[in-house]
Amino acid sequence: MSSRPRSALVVGGGVIGTTTAYRLARAGWRVTLFDPTPGRGASWAAAGMLAPIAEIAPGEKENFRQQRGALTAWRELADELAVVTGDALTIAATGTLLVGFDASDRRLVDQFEEVATSFAAPSRRVQREVDVDAFQGVSPRVREGVLLEGDAWLDPDEAMCVLQKANEILGVEVVAERVLDAAFGESGVEVRTSEGTTRAGIGVVATGAASLPAGLRHRAVHHVRPVRGMTVRLEGFDRSNQPTLRAFVRGRSLYLVSRPGGYCVLGASSDEQAELAVEVGELQRLLRDALELVPALECATFRETRQGLRPASDDLAPFVEVIDQRWIWTSGHYRHGVTLAPLTATAACELAEKMS
Ligand SMILES: Cc1cc2nc3c(=O)[nH]c(=O)nc-3n(C[C@H](O)[C@H](O)[C@H](O)COP(=O)(O)OP(=O)(O)OC[C@H]3O[C@@H](n4cnc5c(N)ncnc54)[C@H](O)[C@@H]3O)c2cc1C
């Protein structure tokens, strides 16, 4: 169909765009990726949990099914990336320990367990007296929890680094410019930045929660809205040999992902806001809940906060939409974009093959 059918433009260099660029380049496409700040969107704020079971929510069985597949896809992608780059990407299958802080929080854990059971997801009750190690650092008032084996985590910073290195090796051209306009050329697509126009056979838009570039905005069927989230980075408390900790603390949910060496990601806030700001109250709530749940964090060092805008679609499900046969738009990954990146990239690449 196109005069240059095997060339692709990827707009957006978060985990979705970067993984898609990788998939396309591996499949032999000539890829140009546009992003003024690659890797500094929501993907930068993410904790990196690959936690299909802990993310179970009522009515989201399809989401659970997809995420379970995504975990396998990440393992396969990590193996591939190791061959391309020589770098190993750690995927730590620590599982998740879910606990409730007070009596009503424990009821939330019971409700979670009921939904997990209805999804046939593995979970088992654990007691502090028996599984002493799993409760390391957790407040003594928490006596029991639910262990979700099979959940994992990776470090998004490391994953982005390895993916970007692979893309460089495979010849992906990165243009550090914002795409202002995306259009349909005579036999393909084109994008305009402040520096000029670039053309290719097909285009992929992976701009997360950002609005689509002009030219596509009014042609797309889906809609995304930003949901602001913050993670807090701490150092000096190591639970990396134990399951990732998730909890309800006075009705609010909290997680603590611990990496070897004592680097911890504490998360996460969630606000229907589009502005990247750290609200003092939200930061205080997150730290207060964490300190009550894990008193040992008292001596940890505060490193930084990171904020990002989760891309939420109307039904909270991710999508891959083809716009007028030449542009592929993928977004709506909401709380699960890191987890779903390899599956989304494969789906986008398969569509690109069909369109070429
Ligand atoms: C606090 C927090 C914690 C999270 N934790 C997890 C987790 O543990 N596990 C998980 O699976 N998911 C998690 N998520 C969700 C996950 O981060 C997102 O779903 C995912 O990062 C979305 O990836 P993306 O590539 O679509 O978007 P982004 O990472 O936001 O990337 C979009 C990119 O597009 C670029 N861009 C935008 N407009 C343009 C334009 N016009 N031209 C060029 N470039 C443009 C931006 O600069 C940006 O780099 C978390 C999110 C947040 C906020």
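I began with the largest nonpolar core, which has 27 residues. A nonpolar core here is a set of buried Ala, Val, Leu, Ile, Met, Phe, Trp, Tyr and Cys residues joined through side-chain atoms within 4.5 Å. Buried means under 20% relative accessible area, exposed over 50%, partly exposed in between (1.4 Å probe, protein chains only). I looked up the members that touch the most others: L97, V99, L245, L256, L266, L293 and L297. Two or more residues each come from β4 (96-100), β13 (224-235), β14 (244-249), β15 (252-259), β16 (263-267) and α6 (280-293). Helices (H or I, at least four residues) and strands (E, at least two) are DSSP runs, numbered from the N terminus. Helix α6 gives the largest share, four residues.

The model is predicted: local features need pLDDT of at least 70, side-chain atom pairs count only at pLDDT 80 or more, and totals for chains, interfaces and linings use all residues. Residues are numbered from 1 along each chain as its sequence is written, and side-chain values use heavy atoms, with hydrogens and water left out.

Next I checked L293. Beyond its neighbours within four places in sequence, L293 is in contact (heavy atoms within 4.5 Å) with residues including V99, F101, V142, L245 and L254. I also found a second, separate core of 23 residues, with A54, A92, L98 and A121 among them.

Then I turned to the ligand.

A backbone N or O atom of Y334 lies 2.8 Å from a ligand oxygen atom. For A42, the distance from a backbone N or O atom to a ligand oxygen atom is 2.9 Å. A polar backbone atom of A47 is 3.2 Å from a ligand nitrogen atom. The protein covers 96% of the 1,000 Å² of accessible area that the ligand has on its own.

Last, I checked T344 in helix α7. T344 is buried, at 8% relative accessible area. Its side chain makes a polar contact of 2.9 Å with that of H333. A polar contact is a pair of N or O atoms within 3.5 Å; within protein, one must be able to donate a hydrogen and the other to accept it, and residues adjacent in sequence count only if both atoms are side-chain atoms.

Terms used
Accessible areas come from the Shrake-Rupley method with a 1.4 Å probe; for residues, only the protein chains shown count as cover.
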